[in-house]
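Good morning, and thank you for the time on the agenda. I would like to take the group through one model, beginning with the contact between its chains and then turning to local backbone features.

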Amino acid sequence: MLQFDDLRLRVGGTPILRGVTLEVAAGEAVGLVGESGSGKSMTVKSVVRLLPPGSRTEGAVRFDGVDVSSLDAAGLRRMRSRDVAMVFQDPRAVVNPVRTIGDFLTEVLRDQGVGRTEATRRAARALSEVGIGDAVRRLHQRPYELSGGLLQRVVIAAALLTGPRLILADEPTTALDVTTQEEVVAILNEQRAARQVALMFITHDLELAAAVCDRIAVMYAGEIVEVLPAAALHAGARHPYTRALLNSRPGAVAPGERLRTVPGVPQSALTAPPGCVFADRCPHAEARCREVRPVFDGSAACHLLEAR
Amino acid sequence: MILEVRDLRKEFTGVVAVDGVSFAVREGGSLAVVGESGSGKTTCARIVTGLEKATSGTVELRGSVQMVFQDPYQSLDRRQTVRGCLDEVLAHHRKDRSRTAELLDLVGLDRALGDALPRHLSGGQRQRVAIARALAAEPRLLVLDEAVAALDVSIQAQILNLLVDARAATGVAYLFITHDLSVVRHVCEDVVVMSRGKVVEAGPVARVLGAPEHEYTRRLVASVPRAGWTPTRAVSRD
């Protein structure tokens, strides 16, 4: 359903993505995991062409086989309002602060010609589906009257209302407390399974990605360095960067033991070496790693794995 | 004990943020105060460091205290070089200025970065500077308020190792304010769990997080994503 075909992105001449290739099947959940500057957000934003000014892309993003760069304004609007829904980190940046929750939820439906009574009925049902009780009262409330967790559920309800086939979620629970995160993630899983909606889920938390997604794509410096089934995260990780991420979490070693860290700082597509993007920080890097770009073999891009 | 907090209470116009909280940090020890937003943990930290005044209760501190904040982008002067920043603290506390290089080594910063301004540094490097600045005064207690929360995983690991090393090298005690239980398990010996301004459970980390007794601690432990974890919807609390 969704296909990234060697997607390259430059913003004002600065490389951001160095060739992203990935497919998302209908109903599938794919997690994009990586540190800051790895290009996760830009990859997802390119689907709905929400890229910053001065962006130039090469390669293609196809939704249902259609290159999104070929869509005209009407086609793009249609895709954004019906086929693809978005959930961001900060719900308060998304919901109009001076209008009611009801206005926010019914706006798109009304725009699509649904009558006021029917739109309100659907909005109330959507709220109860994401675990918000007392829906009628909530519809009359304004964003400041709701907690962050509750408001994020409202945003998810809105995302589901138009019956999308793909949800793009960019760190949707990062700003929430862990207990609230669990609820929001449980609701997202439940609703996604019930409706067979595909999901691209951006997070920096590998375990969270594994709990939400079918497959996990690990990004570094504008490239996908590894794709693996969520269930194989711990036993199946092959790329040195994925292993480094897993090893550097405080839970990876016994309390008191030293964390196995990777030297240096996360790089971007601009600062990464021309060969393997991770070569500067990789404990196993050899000369060719810095010079020759490894080929993605379907699961990982690493010279050292080719040899075996 | 380097720090003893007894029956602390803090009211902000009509809201009780901290309600009868007591805890203590051993000389050279490491205590975590964990809780979610609104639990009152940060207010406790701010009272301990004197940034906030308690409505009632006592704070007994036997030695100097320094604080490290979450956001290294806001806590450093953007016009001051790393060396300038450390020299200032050393001079103010009448410490030997030659310790600047030693401090840079202690927090794992290249000495060449002494002349750099904050804007030339990465987030992790800035947090190292903030920690070096806090340690420059040779405090007996360091209060760390979500000091690794904003960092990328690989950088967070470097900073956690640094904090373990710095404690071993200087004997400084830590009061760790955090929401991250895996960080608590890694760097703390004792933990205080706060919810809605009150302490709900306290004790050694292995016991409290390994076999939590209070319902809230259990929920907190159970909601951390981990291998084999399936998120479940709790009974709605709204």
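Contact here means heavy atoms within 4.5 Å. On that criterion, the contact takes 45 residues from chain A and 33 residues from chain B. Before I go further, some conventions: this is a predicted model, in which local features need pLDDT of at least 70 and side-chain atom pairs count only at pLDDT 80 or more, while totals for chains, interfaces and linings use all residues. Residues are numbered from 1 along each chain as its sequence is written, chains are lettered from A and ligands numbered from 1 in the order in which they are written, and side-chain values use heavy atoms, with hydrogens and water left out.

Let me turn to area. The size of an interface is often given as the accessible area lost when the parts come together. Buried area in this talk is the accessible area (1.4 Å probe) that two parts lose on being put together, summed over both. Between chain A and chain B about 3,200 Å² is buried, and carbon and sulfur atoms give 51% of that area. Of the area that chain A buries against chain B, 19% is supplied by A:Thr179, A:Glu182 and A:Pro250, more than by any other three residues.

How many salt bridges does the rule find across the interface of chain A and chain B? It finds 2, a salt bridge being a side-chain nitrogen of Lys or Arg within 4 Å of a carboxyl oxygen of Asp or Glu. B:Asp165 forms a salt bridge with A:Arg258, and their closest N and O atoms are 2.5 Å apart.

Which elements give two or more residues to the side of chain A that touches chain B? They are helix H6 (148-161), helix H7 (178-195) and helix H8 (206-212) of chain A. H7(A) gives the most, with 11 residues. Helices (H or I, at least four residues) and strands (E, at least two) are DSSP runs, numbered from the N terminus.

Now to the sheet in chain A. Four strands form an open sheet in the order E2-E1-E4-E5, with antiparallel pairing; two strands pair if DSSP finds at least two bridges between them. Strand E2 (14-24) and strand E5 (66-67) of chain A stand at the edges, each with a single partner strand, so one side of each is left without a neighbour in the sheet. Strand E1 (residues 2-11) of chain A is joined by 8 bridges to strand E4 (residues 55-63), with A:Leu2 opposite A:Phe63. E1(A) and E2(A) also pair over 8 bridges, and A:Val11 stands opposite A:Thr14. Their hairpin has 2 residues between the strands, and A:Gly12 takes a positive phi near 55 degrees there.

Finally, chain B. Most residues other than glycine have a negative phi, and most peptide bonds are trans. B:Asp7, although not a glycine, has a positive phi of about 50 degrees, and its place is in strand E1 (residues 3-12) of chain B. B:Arg94 also has a positive phi, near 55 degrees, and lies in the loop between helix H3 (82-92) and helix H4 (99-106) of chain B.
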